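Hi,

Here is the structure I promised to pass on. Have a look at it first, and then read on for what turned up.

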Amino acid sequence: MAGLFNTGKRVEAPAPVRLTVAPVAQTAALRPVQKEAGSNARALAEALGSLNGSLMRYAEIKQGIEEDPNSRANKEWIARAQQMGMDELQALATSGEADGIRVREDALNALLGEKAVSDARAEITEHFNTGFDYQSGDATVDVDEIIARHAEALPNDIARAAFTRGMGGFRQAWLDKVVETKVEYAKGEVSTAVIDSFRNAIDDAQAQGKSADEVAALVFERSASNRTFLGLSGQEQNETIIGIAEEAAQRGDADLADALLNGERRGAKGEVIPAIAKIAGLNSKAVRILDLARARQTELIERESYDTYSTLNRKVAEGSLTDADVKPLIANGTLTAKGAAAHVRQSDANRAQLQAREAKAQKELVYRQANERQRAEVIAAASHELESYAGVTNIHDVEVVSKTGEGTETITRQQAIDAAVTRKEQQLLDKREKMILEGSSEEEADLIVNRDRVSFYAANALDNDAWTMQFNGIAAMVPADVLAKGGAPAQQAQEVAELYLQVRATNPAYAEGIVSNPQAKEFLEAYEIERNITRLPPERALMAASLWQAKPETEKNRFRIKDDRRDEIATELLKGTLDSGWFVSADVGGANFALVRSKIEQLSRMNLPEPVIKKRTQEWLKSATVPVNGMLVGTNGRTPADFKTLAETRLKTLFEEVKEAEFLEDEPNDDLYLVPTPSGGGWTVWSKSRRVPLNYTITERDLQALRQEAEQKRAEEAAKIAAQGRARNRVYSNDDLMKYSN
């Protein structure tokens, strides 16, 4: 539709207007052409009238869409309402959102009815399943009350009508089910009463000593009367008998259960009724009941006999069963005479075995106690020897009685020493704890106890395994970068180094002998110098020793004493040693000189003053070397006190044995001397005159053999002297005097 406002009215386009100047000076304005306008107003009125019609048609179309159930808006609204619960639907109805829209109103009422149906059915079901009294309750009143309450909650009659349709036959179905349940309950009560009467009759009959068949006949008689007086059907009678038979089976009364299920029955008029076990459909159940009855009967027999058999087996195992014990068991049938005799024989055999075992155990106890006493005696003797000067040399292998009494067993010398050392360590720990309890600090207690520990181990030439591991393991703990970080590794290294100083202060030679790792030895020597000579605190001494150890060998050798001065000091110390009577000969140009010179050179590398070098070398000569045939032997404080005597004795004997083979006939008998083997535990034999090692070694075992030989000689001499003393002190009898007088 064309024209103005779609009215079809044609309006010509306005003609161009020419601009003219207004009569007012210096102003200009557009002056439109004046024209009649009445036709435009009419056209506008006609257009507005047409618009009103369009708007009315639009309203009609919109209303049609709102009332169309298949419109998208209505479908979405109904779908949303279907997902709501009862409370939400009621709130939606109250809000008026569906008012005036027939489709939505109908849908809302239908949904309210459906939700009410669902809630009412759930409440009725729960009520009859949980809260209803089937004995005295009125189902009709309860159901109608629930339905009425849910109907009243609906907003209008349309929703109530939907609710009523939805409930349908649900109400009647539950009423019918309640009636059925009440009937079944009544029948159950009757059946229970019948079974109770059967139970009472059975108890009375069994109390009177009647047999199972007689008891069953009594039950059958009562069952027949129940059909007459209680109106029970045949099936109901069968069920009551089966129920009482199951009870008998549970009790283990197999005879009664069999009589009830297989016994002959008669009706109220005397007619024969088949046994329950022969009725089709019940025979399999009867078989199961009888199987249960026999199983329960077996269990009862075993349970009642358990105490009897348990006592019997216990007495047989103990060997205490006698003929008097089995006689009552034979009498009541628990045992046969043959079985009882076998039990008694087994009891006698067990008693004999137990007695033999007890005798053997007693004998073994005697031997074991003797072994423990002798072992304790050996260990106590070893502990006493270790506490005595040079007593370690008196500890030998000892034979003691074995724990089984069969022969003897050997407590080796090392086993006795280890046990005595363990006992000594416990004594030292006890001493430390006592000192702390008495007020000493842990540092003071450790200092005193370690001093005693060093004296004990050094005097007996024993290694302390804990110290050996700690001192030799410090090499891996002391890199400068590790110490610079501090913390636990640095603290642990400092504690080990301080412990070394405590050991060294008590016995320098023993402390140095513990350390076999070259790096650990160099570090600990440097630490000792920094602490005792330079007087640095532990932390700085630890770092200084680590830095010294890290220096290259060329830099360390810069501090080494000049060779001429080194030889002068060595000569001076050896002559001083000779003048003091420590050695037989100085042998300035030989092995002694080389040994002392090596020690001086080692100390000089540590940048020590010359007086300190002299003093420490002299102390080392006293504590760490022993002269054997005039030649120094390094001992690190670990040789026993009789080492010098035994070694020289062995060398003199060896000299006589090998002088011809080694071309030593023209040499004095003290030509041989000892040099420790690199691995320790022995010495290589050298010749002074030839200045070469010979193909002979002396071991600790050789010295021990000499020691035992000397002890044996001393024991024989002591016995001889004692025998002579007894002869001189003999008291003669009168017969002796008469014999000599004649």
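Helices α24 and α25 cross in a right-handed sense. Please keep in mind that this is a predicted model. Helix α24 covers residues 591-604 and helix α25 covers residues 610-624, and they pack with their axes 10 Å apart at an angle of about 135°. The two are therefore oblique to each other, since an angle has to be over 145 degrees to count as roughly antiparallel. If you want to show the contact on your screen, pick Leu595, Val596, Lys599, Ile600, Leu603 and Ser604 on α24, and Ile613, Arg616, Thr617, Trp620 and Leu621 on α25. By type, these contact residues are seven nonpolar, two polar and two charged.

The other helix pair is α16 (residues 465-473) with α18 (residues 487-506), whose axes come within 10 Å and cross at roughly 125°. That angle makes α16 oblique to α18. Here the crossing is left-handed. Helix α16 brings Trp467, Gln470 and Phe471 to the contact, while α18 brings Val496, Leu499, Tyr500 and Val503. Six of the residues in this contact are nonpolar and one is polar, with no charged residue among them.

Strand β8 (residues 682-687) pairs with strand β9 (residues 692-699) in the antiparallel sense, over five bridges.

- Asn629 is not a glycine, yet its phi is positive, at about 55°. You will find Asn629 in the loop between β5 (625-628) and β6 (631-634).
- Phe663, also a residue other than glycine, has a positive phi near 60°. Phe663 sits in the loop between α26 (643-658) and β7 (672-676).

Phe663 counts as exposed because its relative accessibility is 68%, and exposed means over 50%.

Happy to go through any of this with you at the screen.

Best wishes

Key: Residues are numbered from 1 along each chain as its sequence is written. This is a predicted model: local features need pLDDT of at least 70, side-chain atom pairs count only at pLDDT 80 or more; totals for chains, interfaces and linings use all residues. Side-chain values use heavy atoms; hydrogens and water are left out. Axes are lines fitted to C-alpha atoms, for helices over the stretch in contact, and angles run from 0 to 180 degrees between N-to-C directions. Helices (H or I, at least four residues) and strands (E, at least two) are DSSP runs, numbered from the N terminus. Angles under 35 degrees count as roughly parallel, over 145 as roughly antiparallel, 65 to 115 as roughly perpendicular and the rest as oblique. A crossing is left-handed if the near helix is turned anticlockwise from the far one by less than a right angle, and right-handed if clockwise. Contact means heavy atoms within 4.5 Å. Ala, Val, Leu, Ile, Met, Phe, Trp, Tyr, Cys and Pro count as nonpolar, Asp, Glu, Lys and Arg as charged, and the others, Gly among them, as polar. Two strands pair if DSSP finds at least two bridges between them. Buried means under 20% relative accessible area, exposed over 50%, partly exposed in between (1.4 Å probe, protein chains only).
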